[in-house]
Number of protein chains: 2
Amino acid sequence: MTDYLPLRHDKPLCGEGVALEAAPGPSPDDGLPPPGAPDIAIARAATPWPIGEVAARLGIEPRQLLPYGHDKAKLSHDFTDALVGRPPGKLVLVTAITPTPAGEGKTTTTVGLGDGLSRLGHKAAVCLREPSLGPCFGMKGGAAGGGRSQVIPMEDINLHFTGDFHAVTSAHNLLAALIDNHLQWGNALDIDPRRISWKRVMDINDRALRHLTIGLGGPAHGVPREAGFDITAASEIMAILCLSADLADLQRRLGEIIVARRRNGSPVRARDLEAEGAMAVLLKEALAPNLVQTLEHTPAFIHGGPFANIAHGCNSLMATRSALSLADIVVTEAGFGADLGAEKFFNIKCRQAGLTPSAVVVVATLRALKLHGGVERDALGLPDPEAVRRGARNLSRHVANLRHFGVPVLVAVNHFAQDDDQEHQALQAACDELGVERVVSRHWAEGSRGSEALAERVAAMVEAPTPSLALTYEDDASLEDKVRAVAQRLYGAADIGLEPRARRQLEEYEALGYGHLPVCIAKTQYSFAADPALTGLAEGHVLPVREAELAAGAGFVVVICGDIMRMPGMPRQPASSGIRLDPGGEIEGLS
Amino acid sequence: MTDYLPLRHDKPLCGEGVALEAAPGPSPDDGLPPPGAPDIAIARAATPWPIGEVAARLGIEPRQLLPYGHDKAKLSHDFTDALVGRPPGKLVLVTAITPTPAGEGKTTTTVGLGDGLSRLGHKAAVCLREPSLGPCFGMKGGAAGGGRSQVIPMEDINLHFTGDFHAVTSAHNLLAALIDNHLQWGNALDIDPRRISWKRVMDINDRALRHLTIGLGGPAHGVPREAGFDITAASEIMAILCLSADLADLQRRLGEIIVARRRNGSPVRARDLEAEGAMAVLLKEALAPNLVQTLEHTPAFIHGGPFANIAHGCNSLMATRSALSLADIVVTEAGFGADLGAEKFFNIKCRQAGLTPSAVVVVATLRALKLHGGVERDALGLPDPEAVRRGARNLSRHVANLRHFGVPVLVAVNHFAQDDDQEHQALQAACDELGVERVVSRHWAEGSRGSEALAERVAAMVEAPTPSLALTYEDDASLEDKVRAVAQRLYGAADIGLEPRARRQLEEYEALGYGHLPVCIAKTQYSFAADPALTGLAEGHVLPVREAELAAGAGFVVVICGDIMRMPGMPRQPASSGIRLDPGGEIEGLS
């Protein structure tokens, strides 16, 4: 694992896909640059509707919006409060096979499906996560879709957007400052300075801040201790923001955060420092969902961006709930592959919020399946139906896993121009064996015209009564058994291997009264196992559990299997060096 | 100097003034709570106009605004570009006597004067600095005026506002991360890790971050070195943002920032790290001036918040210029007392930008003059005309200093309910001796009705032709002579005492080609001398110059005389503990 992995959530680099796609299919007659043009060129050529007109598609009136410029807005708290109790629309989850460097296109499929549903006349909306600002200047690559399936204004969304990440940073660091201030003034709570687990955060890729000593310079400048910084998306506050039902719930959860241990071992919470109120004040606006639009003017809620390993990796509950109250069909995505992202979507978000999707779309590409089938990256351009068939075992496991939750499943094949017909047939055969429907979608090149077939199938699926969701474990199972259930039923593991430290921690959390929480497993996204080299279908492995962390405010126990990077670094040549304002003041180099 | 000084710029605590003012004068018939009610109660009872209607008072059309909610907006870059070349209105600077804990009321006078001018039918606007978020949760006290002279929406202005401070934080820390990333990847620029002067910033009072060691934990985690954090308002980027004429100037200045020395001693600039473009992209929106309103709906530009000691302490040039293009009379304020704030306003901002105020208002209160006259703080409630007369020597020096710049001067006495008539007469006598006009202003209690007399006088003064500005020193004087000129002519010092280190630094900056820059003197705001205990009129002292810093991007040389706090701490009981959301989601405890 390099230390500068792209962390625009789990989005793979899409530059290669763009290059390969350069031999375009038919160009949509929408006045935009042809498929294969840079995403930013397409995004800039689009004419956004005033955000009030986008909102009007969902019946939202201008006074219910807080505008941010002319093409972004937040829903007011008064308005989202008033939505509570409205009958919800249907929820569609977009997830994917195990990620590969070839790219699967989960976000473009989410956007394309939303546009396809709109094209068919449905009142549709999409819900996505917000990208993190920091990695934008480290690794190249935005996080607002691509091709004809993008959300706009792309530059704003990739930069400060409506300030939500900054609010999380402020609230997080206020709590950290209050801890050190408490130490400075006599430490009445008897906090053990060696056991402060609350770090600071910054939305920048800055490896030199991972491990620090702070409070140096003498008695006027704090109590010396070890500390560190994570990137903002890794903050528990981001997870809390995304799971809170309303402002009161937000403030309550913030108070529950465990920041340190006393010398006697008992936990110190944010509310012991009287911090939760000021933090909630800082996050008040950030809790309000953001509304933007796709290139085709479908309403898009982009709100909240928690990690998909140490957190649950989906957009905010506030956004999902608001969208469901306003639209007939809401398309949302979960992080990474279905083993991590969809699992957490169900076992954490749906469990806490009582949501049930009416359909799940699993995104795959022939290229990614070939990688899972053992093809080397530089041979991806050659047709290889056998490799597709081998790689489809990865897809099969994900489909079986999703059926485990009791939800209807559909496979969406994200089309690339150089896809081979025999490969498509090989995949069709694999899907036939599974008894799962497969739809090829050309949203990247053609927008909603290319996703119409997918949208038709999804619209038909959600006509059925909402299924009854089968979660992987009950609340009252032990934390260890919860981890084992996920590992065995979803990862295909023979068992889990709890290291003594992890065992002690899980036992302690149960003793503290947190045994009822769901688990949030942090492992590599590149394999069903904990070893990222085991692509395809790993089976019969033992999942090593190194340690655990209690996210008492977010309401889950993080279970750490392998090395998880919480503060990325930048590569030798950071993306920032190519980004600047041109003489006309336009942004160059951001993509 | 305690380490948790209030740093909402230089605003004194106003709680005491509020309490003393509780015996109100006549209540304005405006439907708001009576004078003496908490500022927040008055601000909340006001009905803001939609920001488009406020903008319309200046002839701004809705499409020229970027709204942030319904009562805040930025002017678009296209619009401010188009304003260049319009004949400017008249500029009025509000400054003050040497600050005291009693409070002078510079911001309320600025707001009140703007409202008074509006009341008289002038097309008026005010320009103020943005408050820093961090100190809001440390020391109590907002920075949006008070009583009937406030800007709204007060809570937003004191919190994230339009995100400008967050943008400065991001750009600053991106540059810091690029430096450490450069060290990590082989240090091709041969940066001396011991001589990196660019710190990181955070908008939180967090003393434990003043002195750190970073890059710990092994070779994957950076190069170990000493580092530190300042508060965001102390960033050179804040000064750059406030002095930049446009986006191109911003990007150029960012590239000029000197971040470190090579091992051979030569400076390393931000542009050597190819950082300025990405930083400018992060600051693009932040450079656009923010428009809000006073309680009486006078347009208020609140934009940029640099320190008034290590930087020049005024709102952005973009805001001042835009306001002058749009309004007939623009009222702005400078930081601290006139010796620091007005001096820098003239010698730095006006020098760089070619501005000349048509009138200068010096704010004083009887209470503050009594403190300068030697009265103890707990005896301020007792009438003491003699102390006022003694304290007026402080006022006299400031008036004389301002006349040195060639601008017409007026004294505004910010009225308090318990002011004594004989004290007012004593001050009148002192002003008569000086030959300076004195106007009592009751804007705090009465709004524009109370400031009408002041506004009438100011409106009459700006009718005269704009004076010719006499700066304190020429560009081509040596840096040492520039410091000496300010110290002798404005502080009444006998001479300056350059410590050897400071002398070496000034000589080096001249050798590097920066000898033409103005100097920015960082000393205590509580005295004409470098010793804060020397209130009243310090004379014949020697100003000790400890060290100097080159702000090559901002375009001045900081000259440090005494201890300057760049990262405040929090008190034992931080203000945050009283701030929270009430059950209805309203903010409690922020004032």
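Here are legends for a few close-up views of this predicted model.

Residues are numbered from 1 along each chain as its sequence is written, and chains are lettered from A in the order in which they are written. Because this model is predicted, local features need pLDDT of at least 70, side-chain atom pairs count only at pLDDT 80 or more, totals for chains, interfaces and linings use all residues, and side-chain values use heavy atoms, with hydrogens and water left out.

**View 1. Chain B meets chain A.** Here 71 residues of chain B touch 70 residues of chain A, where contact means heavy atoms within 4.5 Å. The two chains bury about 6,100 Å² between them, and carbon and sulfur atoms give 63% of that. (Buried area is the accessible area, found with a 1.4 Å probe, that two parts lose on being put together, summed over both.) Look for B:Trp185, B:Val281 and B:Leu581: this trio supplies 11% of the area that chain B buries against chain A, more than any other three residues.

**View 2. Polar and charged links between the chains.** The interface of chain B and chain A has four salt bridges. To count as one, a side-chain nitrogen of Lys or Arg must lie within 4 Å of a carboxyl oxygen of Asp or Glu. Side chains of opposite charge can pair when their charged atoms come close. Take A:Glu276 and B:Arg580, whose closest N and O atoms are 3.7 Å apart in their salt bridge. The top contributor is α7(B), with 10 residues. (Helices are DSSP runs of H or I, at least four residues, and strands are runs of E, at least two, numbered from the N terminus.)

**View 3. A salt bridge from B:Asp206 to A:Arg200.** Over all chains, the whole structure has 66 salt bridges. In this one, the closest N and O atoms of B:Asp206 and A:Arg200 are 2.9 Å apart. B:Asp206 lies in the loop between β8 and β9 of chain B and A:Arg200 in strand β8 (residues 200-202) of chain A, so the pair joins two chains.

**View 4. Two Phe229 rings, one from each chain.** A search over all chains turns up six aromatic pairs. (Rings of Phe, Tyr and Trp, taking the six-membered ring of Trp, pair if their centres lie within 6.5 Å; planes under 30 degrees apart count as stacked, over 60 as edge-to-face and the rest as tilted.) A:Phe229 and B:Phe229 are stacked, at 5.6 Å centre to centre with 5° between the planes. Each sits in strand β11 (residues 229-231) of its own chain, so the pair joins two chains.

**View 5. Domain 1 and domain 3 inside chain A.** The contact takes 24 residues from domain 1 and 25 residues from domain 3. About 2,100 Å² is buried between these two domains. They share two salt bridges. A:Lys523 forms a salt bridge with A:Asp339, their closest N and O atoms being 3.1 Å apart.

Definitions and conventions:
Polar contact = N/O pair within 3.5 Å; in protein donor to acceptor, adjacent residues only side chain to side chain. Domains from an automatic or database assignment.
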